[in-house]
Amino acid sequence: MMDWTDRHCRMFHRQFSARALLYTEMVTTGAVIHGDREKLLGFSGAEHPLACQLGGSEPQDLAAAARIVEDFGYDEVNLNVGCPSDRVQSGSFGACLMQEPQLVADCVAAMKAVVKIPVTVKCRIGVDDQDPEEALDALADRVLAAGVDALWVHARKAWLKGLSPKENRDIPPLDYGRVRRLKARLPQLFIGINGGIPSLNASEALLAEADGLPALDGVMLGRAAYHDPALMGAVDRRIYGLETGDVSPRQAIEAYIPYIEDCLSRGIRLSHITRHMLGAFTAVPGARLFRRILTVEGVKAGAGVEVLTSALAALDEAQERAADRIADSAA
């Protein structure tokens, strides 16, 4: 989710759910240790609960970065062992680490030694020609021994040779059963699942037993939640069992406006914020017009909240026209 789940995206998604654990983009240990920490790690307190995802392969660097992450106030630090991008391959971290399970365990142990917040790992079921049964077991056993607090598994292989990062998100087949088998073998370890999960219905199915295999402990949504954030509006009720009303995209946007106004007052461009809400009204009459107003008008110098207000008004008008057409056809 690099370049997607920045602080503006997370703050928008928080308006839909009070309970969902949000994740940052992956940030490298070098950037955390030597870069602009406030720019990389800064967040609003309203984003909690919030996990920071790190990329790296040197145990001591990861320990130093984890300590910084904890000092910033994050609720969890996560080591990425699943990203297949060219950047991580050149740096020998991300999914490359699936081939070095003991090194991953050493990284986990180094982070656990210096922080009190949970240390978790996100991985694939294997890379390239690895046997997913052997590769995933090897990684899980070692990080469990190192004290990992949770393992999140993207339920498909990563092909470091032959597929682009984009192709790696879709082409390797999903194998949810492999992740359930891991949970059956390691019932004491929190095991969550990620990869191609399109809806809350699918999420609920993965959080229940199936085919004699155990329920998984958590579900991680990436692209589905980004492209259709409306599905998050029922998360607190359906996934966490809270007695609360669902949050509509309109309600989430209205709750988000004070944050937008604060950002604008600090010189942040409107388009940097509103780009994350372009999918808010997927399949709703007027959604295309809403997106067009935000993308065309929102990038102009000095664009303010009035652009968003205009986009919402255009959406309302389109919905009224659609309702009138339905009424006329019924008559």
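Where is the place of histidine 8? Histidine 8 sits in helix 1, and the helices and strands named here are DSSP runs numbered from the N terminus (helices are H or I with at least four residues, strands are E with at least two). Please keep in mind that this is a predicted model, where local features need pLDDT of at least 70, side-chain atom pairs count only at pLDDT 80 or more, and totals for chains, interfaces and linings use all residues. Residues are numbered from 1 along each chain as its sequence is written, and side-chain values use heavy atoms, with hydrogens and water left out.

- Twelve residues of domain 1 are in contact with 16 residues of domain 2, contact meaning heavy atoms within 4.5 Å.
- About 1200 Å² is buried between domain 1 and domain 2, with carbon and sulfur atoms giving 67% of that area; buried area is the accessible area (1.4 Å probe) that two parts lose on being put together, summed over both.
- Between domain 1 and domain 2 there are zero salt bridges, a salt bridge being a side-chain nitrogen of Lys or Arg within 4 Å of a carboxyl oxygen of Asp or Glu.
- Four residue pairs are in polar contact across the interface of domain 1 and domain 2 (both at pLDDT 80 or more). A polar contact is a pair of N or O atoms within 3.5 Å; within protein, one must be able to donate a hydrogen and the other to accept it, and residues adjacent in sequence count only if both atoms are side-chain atoms.
- On the side of domain 1 that touches domain 2, helix 1 (7-14) and helix 11 (223-227) each supply at least two residues, and helix 1 gives the most, with five residues.

**A closer look at histidine 8**

- Histidine 8 has a relative accessible area of 8% and is therefore buried; buried means under 20% relative accessible area, exposed over 50%, and partly exposed in between (1.4 Å probe, protein chains only).
- The side chain of histidine 8 makes a polar contact with the side chain of tyrosine 259, at 2.8 Å.
- Not counting residues up to four places away in sequence, histidine 8 touches Tyr256, Tyr259, Cys263, Ile268, His272, Ile273 and His276.

**Nonpolar cores**

- The largest nonpolar core has 88 residues, and Leu54, Val121 and Phe290 touch the most other members. Such a core is a set of buried Ala, Val, Leu, Ile, Met, Phe, Trp, Tyr and Cys residues joined through side-chain atoms within 4.5 Å.
- Domain 1 and domain 2 both give residues to this core, so it lies between them.
- Leaving aside neighbours within four places in sequence, phenylalanine 290 is in contact with Ile253, Met277, Phe281, Leu308, Ala311, Leu312 and Leu315.
- There is also a second, separate core of five residues, including Tyr23, Ala51, Trp152 and Met220.

**Salt bridges**

- The whole structure holds 17 salt bridges.
- Arginine 10 pairs with glutamate 47 in a salt bridge, their closest N and O atoms being 2.6 Å apart. Arginine 10 is in helix 1 and glutamate 47 in the loop between helix 3 (37-41) and strand 2 (50-55), so this pair ties together parts that are 37 residues apart in sequence.
- Arginine 10 counts as buried at 5% relative accessibility, and glutamate 47 counts as buried at 0%.
- Aspartate 137 and arginine 178 meet in a salt bridge of 2.8 Å, N to O. That pair links distant parts of the chain, 41 residues apart, with aspartate 137 in helix 7 and arginine 178 in helix 9.
- Both aspartate 137 and arginine 178 are buried, and they belong to a salt-bridge network that also includes Glu133, Asp141, Asp175, Arg181 and Arg185.

**Helix 9 and its surroundings**

- Helix 9 (residues 176-185) has Arg178, Val179, Arg180, Leu182 and Lys183 as its buried residues.
- Those buried residues of helix 9 pack against helix 7 (132-145), strand 5 (150-154), strand 6 (191-194) and helix 10 (200-206).
- Serine 203 is found in helix 10 and counts as buried at 3% relative accessibility.

Conventions
Domain bounds come from an automatic or database domain assignment.
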